[in-house]
Amino acid sequence: MSTLAALTNHQIRLKARPNGLPTRDGWDFTTEPVNEPAEGGVLVKTLAISLDPAMRGWMNEGKSYIPPVAIGEVMRAGGIGEVIASKNDAFKVGDVVSCTPGVQEYILIPADQIKRNGLFKIDTRLGTPTQWLNVLGMPGMTAYFGLLDVGMPQPGETVVVSGAAGAVGQTVGQLAKIKGCRVVGIAGGPKKCEWVVKELGFDACIDYKAGDLKSALRDACPKGVDVYFDNVGGDILDTVMTRLARKARIVICGAISQYNNTTPVKGPANYLSLLVNRARMEGMVVFDYTDRFPIAVAELAGYLKDGRMKSKEDVVVGLNTFPETLLKLFNGENFGKLVLQFA
Ligand SMILES: NC(=O)c1ccc[n+]([C@@H]2O[C@H](COP(=O)([O-])OP(=O)(O)OC[C@H]3O[C@@H](n4cnc5c(N)ncnc54)[C@H](OP(=O)(O)O)[C@@H]3O)[C@@H](O)[C@H]2O)c1
């Protein structure tokens, strides 16, 4: 009998589409035997998965930039794993890889998926596996291309980023500082704001939960906002729109304040500020930039190495905590990139 036959794959599947915040009873906890890979494929043991706000959108019915997770399907998640069996010459047992394992302990990756770039070896000399889920992974790529390609910051300009202590936000702000900008974060609570300024070197950080965001923005951005990197949408986006500088750029990266709405998404009432200030607002999806990921990884890994950039992850252990751990993103309990590590 193969040693793999002694293994059991614990999985979490989508049982029902949530209305509002997802709850534990909306998930199914299943087990399956672990099988050998087919010719050209590999078997990966999941080390850690990335918990992302986008997962909430994938649970909804309907068209988006990626198909929804089907009812009964293992919940989709990006992650890092170790190859434990291989029938593909490009991957050997022990390789640490980046893939989309889903919320499960083992994943068989067939040859055709590998051909479609579904599996990458990661270089652990450039960063730890959890950093490969953060600055060197999808959130870092989002920050890099969203800020540089869409936001196009110039030295001396003022960049404001919401969700500043989160995964995408921490890299946006640090990168904007490296590019010579004045950087103002927006985050929930004094602890996150203090960290963003003292540890990450932002020029200022506004605690939006303390109230009067508008006057705090006026004080922190006396010349107006040249680039607003928006991770949260809703009232914060609307308020930042009142402070735009001429020719400002708003990067629509996400709108986490709206993802669990049971009422329609709240759009910006102050959008005529775009007209008055000859400004623009543009959406971005990180997957449009996959061809250029290696360029961004090389640059960001350089900053990690020379100490100009920090990478903070919030690591929770245990597959079974997934339903509650995911909610940390929506109540602001995560401090840094939220990662779920499997034992
Ligand atoms: N377009 C793309 O390709 C792409 C790719 C990756 C991520 N994203 C988007 O980027 C955003 C950030 O993702 P992330 O992975 O970096 O998450 P994250 O910032 O690490 O975690 C989410 C944070 O959002 C804040 N938040 C939650 N509810 C909020 C509300 N009602 N109002 C204001 N802030 C709220 C919380 O921070 P506080 O404690 O500060 O409130 C929470 O910690 C999300 O909108 C995500 O969907 C987009």
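**Exercise 1. Burial and overall form**

Task: State what percentage of the 343 residues in the protein chain is buried.

Solution. Buried residues account for 45% of the 343 residues. A residue counts as buried if 20 or more other C-beta atoms lie within 10 Å of its own, as exposed if 12 or fewer do, and as partly exposed in between, with C-beta atoms placed from the backbone. The model is predicted: local features need pLDDT of at least 70, side-chain atom pairs count only at pLDDT 80 or more, and totals for chains, interfaces and linings use all residues. Residue numbers start from 1 along each chain as its sequence is written.

Next, take the fold elements: the chain has 10 helices and 15 strands (DSSP runs numbered from the N terminus, helices being H or I of at least four residues and strands E of at least two). The radius of gyration is 21 Å, close to the 20 Å from the globule rule for 343 residues, so the chain is as compact as a globular protein of that length. That radius is taken over C-alpha atoms, and the rule is 2.2 Å times the number of residues to the power 0.38.

**Exercise 2. Helix H3**

Task: Decide why helix H3 (residues 138-151) is described as largely enclosed.

Solution. Of the 14 residues of H3, 11 are buried, so the helix is largely enclosed by the rest of the structure. The buried residues include Met138, Tyr144, Phe145 and Gly151. Just after H3, Met152 has a positive phi of about 45°.

**Exercise 3. The ligand shell**

Task: Find which residues come nearest to the ligand, and which element gives the most to the shell around it.

Solution. The shell holds 31 residues, of which Gly166, Gly188, Gly254, Ser257 and Gly332 come nearest. H3, helix H4 (167-178), helix H10 (322-331) and strand S15 (337-341) each give two or more residues. H4 gives the most, with three.

**Exercise 4. Val42**

Task: Determine whether Val42 is buried or exposed, and which residues Val42 is in contact with beyond its neighbours within four places in sequence.

Solution. Val42 lies in strand S3 (residues 42-50). Because 28 other C-beta atoms lie within 10 Å, Val42 is buried. Leaving aside neighbours within four places in sequence, its contacts are Pro37, Val83, Ala85, Ser86, Asn88, Phe91, Ile109 and Leu119 (contact means C-beta atoms, placed from the backbone, within 7 Å). Val42 and Leu275 are 233 residues apart in sequence and 53 Å apart in space, C-alpha to C-alpha.

Notes: A residue is near a molecule or strand if its C-beta atom, placed from the backbone, lies within 6 Å of it. Two residues are in contact if their C-beta atoms, placed from the backbone, lie within 7 Å.
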